[in-house]
Amino acid sequence: MKTLLIAAAAALAFGAPALAASSPAPNSNALSGVAPTVCVMSAPTINNADATLVSATANASAVQFSNFASPANAQLTPNQDFTLTVQATCNYAHSFGLKSQNGGLKNTTTSVVGGSFIQSVNYTVGGLWGLHPIALQTFGLPNTKSFGFGDVDGANRGSVVLAVSLNNPLFNRPLVAGAFTDVLTLQLGAPL
Amino acid sequence: MKRLALTTGLIVAAACPAWADDSAIKEQTLGGVVPNVCRLGAVSQSSGDNASFAVGGASSTVTVTTFADPNTAQARAASINLGIQGVCNRSHTIRLLSERGGLTLDQPPAGATPGFARRVDYTAVAGWPGAQTTLTTAGAAGAAATVDVSGPSSGDLLLSIAIPSGSTALVAGDYRDRLTVELLANM
């Protein structure tokens, strides 16, 4: 009796026939689990003296150009760039994309009275995620998106590198005083 | 039944992944600050009558050719129009400032000079896109005229200086004033 009771307990545990000792039914056990689709990114690091990473979290960061314009003539300092590096993991086929909210660094709060001033500074971003390069070029149009090889057909892990370069203006004109800003969105996962 | 339930669950998960939109999004705020810059540059003469202009360093000199009539010693009319390259990349104020409040004698005589004038007043007008201000001297040292400009502006600031003819003989001597033109960024 003691032996029989133990066998019955084992059969229940597998969810199979209640009386395994007396039944020849196959002992088939379905074990399964679902790994969620996940893309995660770390806080970025910056590499260049032209700009400073003034804040950085996993979801948002702020980069400030150190000498954006000349204090002598308010013209854009030429050849400003920086590189952002983010550690990332994506465990499924996904998209790698960038989007510029303003379509350039813009000052939208100042109204010019007369003369010619610059109120929008375009920039270029070269992005690399594994073997997948993309690029973004702003032209002043809001919500400008990147182009290139942003469809990643499998899981990937490593560094996302974004090289940001301000475009030198065709004609040197003074910039209006104040803050020029844009929000550059980096997304791994669903297409932007 | 338990096995069947598990199988069904797997099919559902594969057909419609519950976390398909689990994207990682990072927003980078990019920013740069442009300092306040107000500058006046090269000065050029566009026209003049009985007056000439000489470029200096930070200052220039306007000389009245015939300041007083040689027969009556009364001031002669003179005028000059100048253009000054300027830029101010935020709201600002244009100010004209007269050091002496008119053209006055460098070395005035100690005593009274009844019947003679010791000062010649003038009018200066500064024109700038969207703004104009006029200063008319009347003897008050440090007299100033200002006008606010609501936003950035650049181009030629047009400065017109006019000296009217006088009706009183002037005391002999050198007459001078310093007229300062300023673009002041409003903070």
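## A sheet in chain B

In this predicted model, strand β5 (residues 78-88) of chain B and strand β12 (residues 153-163) of chain B run antiparallel and are joined by 11 bridges. Two positions along this pairing can be named: B:N81 stands opposite B:S160 in β12(B), and B:G86 has B:G155 as its bridge partner in β12(B). Strand β12(B) is also joined, through five bridges and again in an antiparallel arrangement, to strand β9 (residues 123-128) of chain B, where B:T123 stands opposite B:A162 of β12(B).

These pairings belong to an open sheet of five strands in chain B, whose order is β2-β5-β12-β9-β10 and whose pairing is antiparallel. The edge strands, each of which pairs on one side only, are β2 (38-49) and β10 (131-136) of chain B. With direction ignored, neighbouring strands of this sheet are turned against each other by 15 degrees on average. As a general point for reading such a sheet, side chains in a regular strand alternate between the two faces.

## The two chains in outline

Chain A has one helix and 15 strands, while the secondary structure of chain B comes to one helix and 14 strands. Of the 192 residues in chain A, 33% are buried; for the 187 residues in chain B, the buried part is 28%.

In chain A, among contacts with a separation of 6 or more, 66% are between residues 24 or more positions apart. In chain B, among contacts between residues at least 6 apart in sequence, 76% join residues at least 24 apart.

## Where the chains meet

The contact between the chains takes 52 residues from chain A and 39 residues from chain B. On the side of chain A that touches chain B, β1 (39-41), β4 (60-65), β5 (81-90) and β15 (178-189) of chain A each supply at least two residues, and the largest share, 12 residues, comes from β15(A). By residue class, this side of chain A divides into 33 nonpolar residues, 18 polar residues and one charged residue.

## The nonpolar core

The largest nonpolar core holds 71 residues, of which A:A88, A:L175 and B:V34 touch the most other members. In soluble globular proteins, nonpolar side chains tend to be buried together.

Not counting residues up to four places away in sequence, A:L175 touches A:A69, A:A74, A:Q75, A:L76, A:F117 and A:I118 in chain A, together with B:V34 and B:N89 in chain B. The partner B:V34 is itself one of the core residues that touch the most other members.

A:H132 lies in strand β10 (residues 132-137) of chain A. This residue is partly exposed because 17 other C-beta atoms lie within 10 Å, a count between the limit of 12 or fewer for an exposed residue and that of 20 or more for a buried one.

Leaving aside neighbours within four places in sequence, A:H132 is in contact with A:F96, A:F149, A:G150 and A:V152. A:N67, by contrast, is 65 residues from A:H132 in sequence and 32 Å from A:H132 in space, C-alpha to C-alpha.

## Confidence in the model

The mean pLDDT of chain A is 87, with 86% of the residues scoring at least 70; chain B also has a mean pLDDT of 87, and 89% of its residues reach 70 or more. Within chain A, confidence is lowest in helix α1 (residues 2-13), at a mean of 37, and highest in strand β7 (residues 105-106), at 98. For the complex, the predictor gives an ipTM of 0.78 and a pTM of 0.78.

Each chain has a stretch where pLDDT stays under 50: in chain A this covers residues 1-21, for which the model has 20 contacts beyond four places in sequence, and in chain B it covers residues 1-20, for which the model has 14 such contacts. Where pLDDT is low, the predicted coordinates should not be read in detail.

Definitions and conventions:
Residues numbered from 1 in each chain as written. Chains lettered and ligands numbered in written order. Predicted model: local features only at pLDDT ≥ 70, side-chain atom pairs only at ≥ 80, totals over all residues. Helix = DSSP H or I, 4+ residues; strand = E, 2+ residues; numbered from the N terminus. Contact = placed C-beta atoms within 7 Å. Nonpolar A, V, L, I, M, F, W, Y, C, P; charged D, E, K, R; others polar. pLDDT = per-residue confidence, 0-100. Pairing = 2+ DSSP bridges. Axes fitted to C-alpha atoms, helices over the stretch in contact; angles between N-to-C directions. Core = buried A, V, L, I, M, F, W, Y, C linked by C-beta atoms within 7 Å.
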